[in-house]
Amino acid sequence: MTESAAGHRANKGLRIVCPNGHLGFAPLKTASFRLGLDVAPDLVCADSGSNDIGPVPLGSDGTASPLAWQTHDLEEMLLGARRLGVPMIIGSAGDTGANSRVDLFVGIIQELARKHKLAPFKLGYFYSEVDKERVRRAITSGDAVQGLDGRPDLTLAELDATDRIVGMAGVHPFIKLLDGGADVIIGGRSSDCAIFAAPAIRAGYPEALAYFYGKILECASFCAEPYGGKESVLGEITHDDIKVTAMFPGQRCTVASVAAHAMYERSNPFFEHFVGGHIDMGRCVYEQFDERTTRVTGPSYVPASEFRVKLEGSGKLGERYVGMVGIRDPYTIANVDAVIAWARAQAEERFGPPGLGSGPRSGQGYQLTYTVYGRDGIMGEMEPLRKTPGHELCVVVQGVAPTKAMAEELCMIGTRQMFYARLPNVRGTAGGVAFVLDEVLPASPAYRWTVNHTLRMTGPLELFPTHLIDVGA
C-alpha cells in the first residue's frame, strides 16, 4: 500500500469497491475499477445474478452471459483482491445462483489461480438450490409456501410444473465463510444487499446501515449520474453513516441518483426485504458530501418474527420458434388485430385450441403470441398511445409447443398467415405485410416463473450448505 493510500485509509470505516451490478452481463470497466483499487478498499464485492433476465436460464440450468465476459470480470476482481490481500465476494453466481453456476465460478477461480500462479488462498462457496421435496413437505404438512406480489400460496400442481428452484440467501452463509477464513467467496442465489451487508455486520456495524449499504452498492454505478453501466463505485460504512463515491471521473453520486437507486425495483419504495427482516428507508437523509460522494443516514432495521426465504422457480413450457413481420401499409396497420386474429384462426384449424401451460405438459397444447412493436410492444394494454400506432410496425411472433417440429410449424403458420389475412376493402393480392426472413428462427425453449414465494426455514443456514477449500500450492 502506498503512503498516500495509507493516509487516505486513516480513520475510515469499512470500504468496499463494487465494479459491476451484474457480473458478466456486460464487462466491467477496468479503468474505474483500478481507480477503486488504488484507494485500498477492505473488500471487493459484486452481485452476479438477477431475475431480470427472465426464467429461461434458471429453468434450463444455463446462463444469459457469455463465459468470456464472466471470466473477464472474475479475473479483474481476483487479481485486484489478491494483490491487496482483501476478501473478494460474489453472490448469485452465473446469473441464477444455481448449483451448476456456483461450480462453474469455483472452477474459473481455480483455473485463474493456476494461470497467474497466485499464492495459496482459501476459497469458500455455498449452494442455494432447494430440493422440490423439501417444498412439497411444507405444502403437504400445511405450512403454507406464501405467494409474493399477489400470487396465491404455492400448490402441488405448480410445484410439479417447476424444473428448478433457488432460495435467496441472506448474510448468514457469507458470514460463516468469512469466519472460516475464506479469502474468496462464490455464493449461490443471494439477496443483493446481503453480499455487501455481510462483511459490515460481521465487523460490528449497525444492521440498518449495513443493509442499506448493500442496497446502494449492489448495482454499482447505477447509483451515479450521468447514467452509465459497469463503472465502479466505492462505498464506506461507519457507525453513523454511509458514503458512496463514483470512481469513474465522469460520474457523480448525487443526492438524486443515490435516493433514486434506493427506491429502485421495489413495490414499496422504502422497504428492502431479506432473510431475517427488512429495512425501512422512509426516514433516510441524503446529503451531498463532496462533488462525487453522497452521505446517507437514517435507515431503520425491522427484524422478522421468523426466518422465511424467498424462492424463485422456473418451469418449462415447451420448445420455441420466432418469426418477424414488418408492416408499412396504413390499412393493415389500422387492422393489425384482425390480421393477427386471422393467423391465430389458421393455427387453431391446424392444431386445435391453444393451452400450453394450463394443463399437463404432454399433448398438443401450444402458445402463439404476438408482440406489436410500434404500437404497444413494451407496455401492452397499459400503453396510453395504443390507438395511435406508428407509421410502420414490427410484429414478433412466438410459437411454443411440446416439440421443436410442432413449434416450428406453429410459428410458420402464425407468421405466414398474416400475409394471407382477409381484410375488408382489400382487392389486391400482394399482401399487406413483409417478412424479415422467409424462415422462422429457432429460439431457446420457453419457460415461465412458477415460484415467487417464501418458505419458512428452521434457521438461516438450513438451505445454504457451505464449503471451504484450499486453492494454490
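User: In this predicted model, which residues lie nearest the centre of the largest pocket, and how many residues line it?
Analyst: Met168, Glu265, Arg266, His273 and Lys310 lie nearest the centre. The lining counts 48 residues. The pocket's volume is about 1400 Å³.

User: Which strands each supply at least two residues of that lining?
Analyst: β2 (43–49), β10 (271–274), β11 (277–280), β14 (300–303), β15 (308–327) and β19 (441–456) each do.

User: Ser314 sits in β15. Why is Ser314 called buried?
Analyst: Buried means under 20% relative accessible area. Ser314 has 0%, so it is buried. Leaving aside neighbours within four places in sequence, its contacts include Pro55, Asp163, Arg164 and Trp449.

User: What makes helix α10 largely enclosed by the rest of the structure?
Analyst: Of the 11 residues in α10 (residues 207–217), 10 are buried, so the helix is largely enclosed. Among them are Tyr211, Phe212, Tyr213 and Lys215.

User: Asp95 lies in strand β3 (residues 88–95). Why does buried Asp95 have no salt bridge?
Analyst: A salt bridge needs a side-chain nitrogen of Lys or Arg within 4 Å of a carboxyl oxygen. The nearest side chain of opposite charge, Arg101, is 7.0 Å away, so Asp95 has none.

User: What does the side chain of Asp95 reach?
Analyst: The backbone nitrogen of Ala64, at 2.6 Å. The cut-off for a polar contact is 3.5 Å, so this pair falls within it. Not counting residues up to four places away in sequence, Asp95 also touches others, including His22, Ser48, Thr63 and Gln70.

Notes:
Residues are numbered from 1 along each chain as its sequence is written. This is a predicted model: local features need pLDDT of at least 70, side-chain atom pairs count only at pLDDT 80 or more; totals for chains, interfaces and linings use all residues. Side-chain values use heavy atoms; hydrogens and water are left out. Helices (H or I, at least four residues) and strands (E, at least two) are DSSP runs, numbered from the N terminus. Buried means under 20% relative accessible area, exposed over 50%, partly exposed in between (1.4 Å probe, protein chains only). Lys and Arg count as positive and Asp and Glu as negative; His and the chain ends are not counted. A polar contact is a pair of N or O atoms within 3.5 Å; within protein, one must be able to donate a hydrogen and the other to accept it, and residues adjacent in sequence count only if both atoms are side-chain atoms. Contact means heavy atoms within 4.5 Å. On a 1 Å grid over the protein atoms alone, a cavity is a set of points where a 1.4 Å probe fits but cannot get out, and a pocket is an open set with protein on both sides within 12 Å along at least five of seven lines; lining residues have an atom within 4 Å of a point. Grid points are joined across faces, edges and corners, and a volume is the space filled by probe spheres set on the points.
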